[in-house]
Amino acid sequence: MTRQVKAEIGVGLLVLLTLVSMVFIALKVSNFNAMQDRPSYQLEALFSNVGGLTVRAPVKVSGVTIGRVAEISIDPISYRAKVLMDIYNDYDDLPMDSSASILTSGLLGSQYVGIEIGGDEQVLADGGRFDYTQSALVLENLIGRLMVSLTEGGDK
């Protein structure tokens, strides 16, 4: 084999390794978990604003992922956003008075559902609903409130 052929094979392997690495990173960033199908049950929560929450966003308790968002739709009765969550069966003892909030990772990061554990002895079963929810904070609304308070404060 000549030097040129060896160099071309080396470059080809390097390009192939780069492409495989890029596909792996893309799947990790997009929260693609088709290979990790775990047994789960569904819970739902109603929010007045889900902000930038997406399907497959994590559901966390104390920073630990316990499930994923399965579906986001509009509740036909209350016209609030209905979020269906697939909670892993390992965490089937969530108390009835637990609350669900839409939180943000970092200042401008992705959004996820955070669960605050309650103290009730009864637990949420498959198809249960979180009664206590807190909607997403919309950054534009906060900036608008800040601007209004600054302009009102400057007139005095």
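Predicted model: local features only at pLDDT ≥ 70, side-chain atom pairs only at ≥ 80, totals over all residues.
Residues are numbered from 1 along each chain as its sequence is written, and side-chain values use heavy atoms, with hydrogens and water left out. Local features need pLDDT of at least 70 and side-chain atom pairs count only at pLDDT 80 or more, while totals for chains, interfaces and linings use all residues.

Start with the sheet. Colour the strands (DSSP runs of E, at least two residues, numbered from the N terminus) and find the open sheet of eight, in the order β7-β1-β4-β3-β2-β6-β5-β8, with mixed pairing. Its edge strands are β7 (128-130) and β8 (132-134), each pairing on one side only. Strands count as paired if DSSP finds at least two bridges between them.

Next, select residues 40-47, strand β1. Three bridges link β1 to β7 in the parallel sense, and Leu-43 has Gly-128 of β7 as its bridge partner.

Move to residues 111-116, strand β6. Five of its six residues are buried, so the strand is largely enclosed by the rest of the structure; buried means under 20% relative accessible area with a 1.4 Å probe, protein chains only. Strand β2 (residues 58-61) pairs with β6 in the parallel sense over two bridges, with Lys-60 opposite Gly-114. Strand β5 (residues 99-104) runs antiparallel to β6, joined by six bridges, and Ser-99 is partnered by Glu-116.

Now show side chains. Lys-60 also lies over the face of Tyr-112, 4.9 Å from the ring centre. Finish at Arg-38, whose charged end sits over the ring of Tyr-88, 4.0 Å from its centre. The rule requires NZ of Lys or CZ of Arg within 6 Å of the ring centre and within 35 degrees of the ring normal.

Technical notes. Buried < 20%, exposed > 50% of the residue type's maximum accessible area, 1.4 Å probe, protein only. Helix = DSSP H or I, 4+ residues; strand = E, 2+ residues; numbered from the N terminus.
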